[in-house]
Amino acid sequence: MKFEHISVMLNETVDALNIQPHGIYLDCTLGGGGHSLKIGESLEKDGILIGIDRDEDAINAAREKLSNLTCKIEIIHGNFSELDKILDDLQIEKIDGAIFDLGVSSHQIDTAERGFSYMHDAPLDMRMDRTKNFSAFDVINNYSEENLVKIFSEYGEERFSKRIAKNIVGARKNSAIETTGALVKIIEKAVPKISDGGHPAKRVFQAVRIEVNHELEILSGAVTAAVKRLKIGGRIAVITFHSLEDRIVKQTFKTLAQDCICPKNFPVCTCGHKAEIKILGKAKIATADELNKNSRAKSAKLRTAEKI
């Protein structure tokens, strides 16, 4: 299947990076290369574009999309949690900008056999990096009922977490739950029919995907690492797609943008923390025109900051 993905808030994101033609830019979530292409088109021959992605399909698609750029290009199969090591290996100390376009790509959702979608029956997978062994099958079939409740509640904000987890544990006593279709049927039986417009499996699938790919636990550290690599005046742009991601990014930016972070009841600062960034305005959302063309941009928020 051809890699198809529409980059959300493309112009707003790249404009926010304030591209320097001879600069070094890090795309921490390369995807199909949409944002990177836009960045690369503004770089001169000595500019450097570095793209990281854990999905080999994305890597291959991006190589093709970026092949006509004249700037220097480094494409790395890896996880953005490893960005310090990646930059060290490339012997790059500081960068002019970094971008994170979080969440699952349109290609991953639309490729049925990847197991990300509750709309297609496929093996329980949900791995962004298919070289890893741990998958959604392991979560659904091996996690305790207590752990299932925990991830459904925390990562999916699912109010029927206990009922769903109980039904999953009951169903797998007979045989392993191997497909997305089987999981959806279990969820549908556990969740009362409600007319809120959302699919009853949506929150559980989000929670399992986040757990499989460790999406939230690596986020704050990676954003902080990227900020520390920025040159003075360099920019960082982060696009989130649900409240859990956005909350982490917002709090990380807030911490990085303030001096003392000691508890308020401390009479004297003992942390020695100094602000590293200036937050550039409030979070942006997609325009009505973009939403008409790409409904998946509906929940997106763009937050940007500048190194000081």
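Is M9 buried or exposed? Select M9: its relative accessibility is 0%, and M9 therefore counts as buried (buried means under 20% relative accessible area, exposed over 50%, partly exposed in between, with a 1.4 Å probe and protein chains only). The model is predicted: local features need pLDDT of at least 70, side-chain atom pairs count only at pLDDT 80 or more, and totals for chains, interfaces and linings use all residues. Residues are numbered from 1 along each chain as its sequence is written, and side-chain values use heavy atoms, with hydrogens and water left out.

Remain at M9, which belongs to the segment before α1 (10–16). Helices (H or I, at least four residues) and strands (E, at least two) are DSSP runs, numbered from the N terminus. The phi of M9 is near 45°, a positive value in a residue other than glycine. Most residues other than glycine have a negative phi.

Next, select E157, in the loop between α7 (145–156) and α8 (161–172). E157 is not a glycine, yet its phi is positive, at about 50°. With a relative accessible area of 37%, E157 is partly exposed.

**The sheet**

Now display the strands. Seven of them form an open sheet with mixed pairing, in the order β3-β2-β1-β4-β5-β7-β6; two strands pair if DSSP finds at least two bridges between them. At the edges are β3 (72–77) and β6 (277–279), each of which pairs on one side only. From one strand to the next the twist averages 15°. For such angles, axes are lines fitted to C-alpha atoms, for helices over the stretch in contact, and angles run from 0 to 180 degrees between N-to-C directions.

**Strand β1 and its partners**

Select residues 24–27, strand β1: I24 and L26 point one way, Y25 and D27 point the other way, and all are buried. On one pairing, β1 and β2 (residues 48–53) run parallel and are joined by four bridges. Within this pair, I24 stands opposite I48. Follow the chain from β1 through helix α2 (residues 34–40) to β2: this β-α-β crossover is right-handed, that is, with the strands pointing away from the viewer, the path from the first strand over the helix to the second runs clockwise.

Strand β1 also pairs with β4 (residues 95–101), in the parallel sense and over three bridges. Opposite Y25 stands G97 of β4, and opposite D27 stands I99.

**Helices α11 and α12**

Select α11 (residues 219–229) and α12 (residues 243–256), whose axes come within 9 Å and cross at roughly 40°. The contact includes V223 and V227 of α11 and I248 and F253 of α12.

**D84**

Finally, select D84 in helix α4 (residues 83–89). D84 is partly exposed, with a relative accessible area of 35%. Its C-alpha is 7.9 Å from that of A226, although D84 and A226 are 142 residues apart in sequence. Leaving aside neighbours within four places in sequence, D84 is in contact with A225 and R229.

How values were computed. Contact = heavy atoms within 4.5 Å.
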